[in-house]
Amino acid sequence: MSPEALAAVHAAAFDRPWEAATFAALLGQAGVLALGNDDGFILIRVVLDEAEILTLAVRPEARRHGLGRGLVEAAGHLAGSRGAARLYLEVAEDNAAARALYADAGFVQVGRRPGYYGRQAGPAVAALLFARNLPD
């Protein structure tokens, strides 16, 4: 997917979307990989034996059909094939749907960052840090 396509999906999924230039810069970095289609994508970074989900975006009309879960699983397999033993992510504390998705995918909370995510309306919310071991 092009940086412009990633930015379009991200804009449909989030109230504070990333710009195409941000995606272009990330994709130019070593270890950054994108998986997905026109309805959703996942962006990960693999460094040595660790990987991080940088963002997961699914268009609202495509949610609740398993795309997000499939992308998380595919990212875990890809990260593991690149040598990662553990996959990390951050999620907004008020994002119940994403938290449920990650819990179902085997992630456990390992930390919390207060006031991390700014909101267009209302106070900033904490980021919850999650991790999951990857299969050998």
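Hi everyone, let's start with H3 and H4, whose axes come within 10 Å and cross at roughly 45 degrees. Those axes are lines fitted to C-alpha atoms, for helices over the stretch in contact, with angles running from 0 to 180 degrees between N-to-C directions. That makes H3 oblique to H4; angles under 35 degrees count as roughly parallel, over 145 as roughly antiparallel, 65 to 115 as roughly perpendicular, and the rest as oblique.

A word on sources: this is a predicted model, where local features need pLDDT of at least 70, side-chain atom pairs count only at pLDDT 80 or more, and totals for chains, interfaces and linings use all residues. Residues are numbered from 1 along each chain as its sequence is written, and side-chain values use heavy atoms, leaving out hydrogens and water.

Back to our pair. Gly68, Arg69 and Val72 of H3 make the contact with Leu101, Tyr102 and Asp104 of H4, contact meaning heavy atoms within 4.5 Å. Helices here are DSSP runs (H or I, at least four residues), as are strands (E, at least two), numbered from the N terminus.

Now, the other pair. Helix H1 (residues 3–13) and helix H2 (residues 20–27) pack at about 125 degrees, with axes 8 Å apart, and are therefore oblique to each other. Their crossing is right-handed. On the H1 side we have Pro3, Glu4, Leu6, Ala7 and His10, which meet Ala20, Phe23, Ala24 and Leu27 in H2. By class, that is seven nonpolar, one polar and one charged (Ala, Val, Leu, Ile, Met, Phe, Trp, Tyr, Cys and Pro are nonpolar, Asp, Glu, Lys and Arg charged, and the others, Gly among them, polar).

And which residues lie nearest the centre of the largest pocket? They are Phe14, Leu56, Asn95, Ala98 and Tyr102, out of 38 lining residues. A pocket is an open set of points on a 1 Å grid over the protein atoms alone, where a 1.4 Å probe fits, with protein on both sides within 12 Å along at least five of seven lines; lining residues have an atom within 4 Å of a point. Strand S3 (50–58) is among the suppliers, and gives the most, seven residues. Thanks, all!

Technical notes:
A crossing is left-handed if the near helix is turned anticlockwise from the far one by less than a right angle, and right-handed if clockwise.
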